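Me: Hey, I'm about to paste in a structure that's new to me. Could you walk me through it?

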Amino acid sequence: MTCTLNVEAIRLAYDTPRGPHRVVDDFSLRLAPGEIGCLLGPSGCGKSTVLRAIAGFEPVRAGTIHLGEVLLSSPAHHLPPERRRVGMMFQDYALFPHLTAAQNVAFGL
C-alpha cells in the first residue's frame, strides 16, 4: 500500500516545569508515493522530533499528520504507533547489540 504522507502545519513541544518548550512550529511536508525526503538542519532543530511525531512517538500540539486518507495525528486524535503502518529505525540506543544490522531491521517483521 502506497500513500501520500502529508504533514500540515504541525507544532511539537515538550512539557517543562516552566510550561511547554516549543521545538517545531508550523512545519509542513508532503511526500507522494515513491518520493524520498530528507530533513536537514543543525543539531537540536527538531528533525528527530518530527520523525518521532510521524511514527507516533510524540503528540502534535497543532496541525495534522495524514498517511493517505488516514488521520495519524492531530491535537484531538492520536493513532497509536503500532496502527500507523510507519516504521522507524533508531540511530543507536534502540538496537539490540547481540544482533546484526540486518537482524535488527528484520526484528519487527
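Me: Which residues does Glu 58 touch, not counting residues up to four places away in sequence?

Reply: Glu 58 touches Tyr 14, Thr 49, Arg 52, Ala 53 and His 78, where contact means heavy atoms within 4.5 Å. Before we go on: this is a predicted model, where local features need pLDDT of at least 70 and side-chain atom pairs count only at pLDDT 80 or more, while totals for chains, interfaces and linings use all residues. Residues are numbered from 1 along each chain as its sequence is written, and side-chain values use heavy atoms, with hydrogens and water left out.

Me: Thanks. Where does Glu 58 lie, and is Glu 58 buried or exposed?

Reply: Glu 58 lies in the loop between α1 and β3. Helices (H or I, at least four residues) and strands (E, at least two) are DSSP runs, numbered from the N terminus. Glu 58 counts as buried, at 12% relative accessibility. Buried means under 20% relative accessible area, exposed over 50%, and partly exposed in between (1.4 Å probe, protein chains only).

Me: Which residue does Glu 58 form a salt bridge with?

Reply: That's Arg 52, with the closest N and O atoms 3.0 Å apart. A salt bridge is a side-chain nitrogen of Lys or Arg within 4 Å of a carboxyl oxygen of Asp or Glu. Arg 52 is partly exposed, with a relative accessible area of 22%.

Me: How many salt bridges does the structure hold?

Reply: Four. One of them joins the side chains of Asp 25 and Arg 11 (3.0 Å, N to O). Asp 25 is in strand β2 and Arg 11 in strand β1, so this pair ties together parts that are 14 residues apart in sequence. Asp 25 is partly exposed at 42% relative accessible area, and Arg 11 is partly exposed too, at 27%.

Me: What about Asp 15, which residue does it form a salt bridge with?

Reply: Asp 15 pairs with Arg 61, and their closest N and O atoms are 3.1 Å apart. Asp 15 sits in strand β1 and Arg 61 in the loop between α1 and β3, so the pair ties together parts that are 46 residues apart in sequence. Asp 15 is exposed, with a relative accessible area of 62%, while Arg 61 is partly exposed at 31%.

Me: OK, new topic. Which residues of α1 are buried?

Reply: Thr 49, Val 50, Ala 53, Ile 54 and Ala 55. The cover over the buried residues of α1 includes β1, β2, β3 and β4 (70–74). After α1 comes Gly 56, whose phi is positive, near 100 degrees.

Me: What does the side chain of Thr 49 make a polar contact with?

Reply: With the side chain of Tyr 14, at 3.1 Å. A polar contact is a pair of N or O atoms within 3.5 Å; within protein, one must be able to donate a hydrogen and the other to accept it, and residues adjacent in sequence count only if both atoms are side-chain atoms. Thr 49 itself has a relative accessible area of 10%. Leaving out residues up to four places away in sequence, Thr 49 touches Leu 12, Tyr 14, Val 23 and Glu 58.

Me: How many residues are in the largest nonpolar core?

Reply: It has 14 residues, and those with the most contacts inside it include Leu 5, Ile 54 and Ile 65. A nonpolar core is a set of buried Ala, Val, Leu, Ile, Met, Phe, Trp, Tyr and Cys residues joined through side-chain atoms within 4.5 Å.

Me: Which helices and strands supply at least two residues of this core each?

Reply: β1 (5–16), β2 (19–31), α1 (47–55) and β3 (62–67). β1 gives the most, with four residues. As for Ile 65, the residues it touches beyond four places away in sequence include Leu 5, Val 7, Ile 10, Ile 54 and Leu 72.
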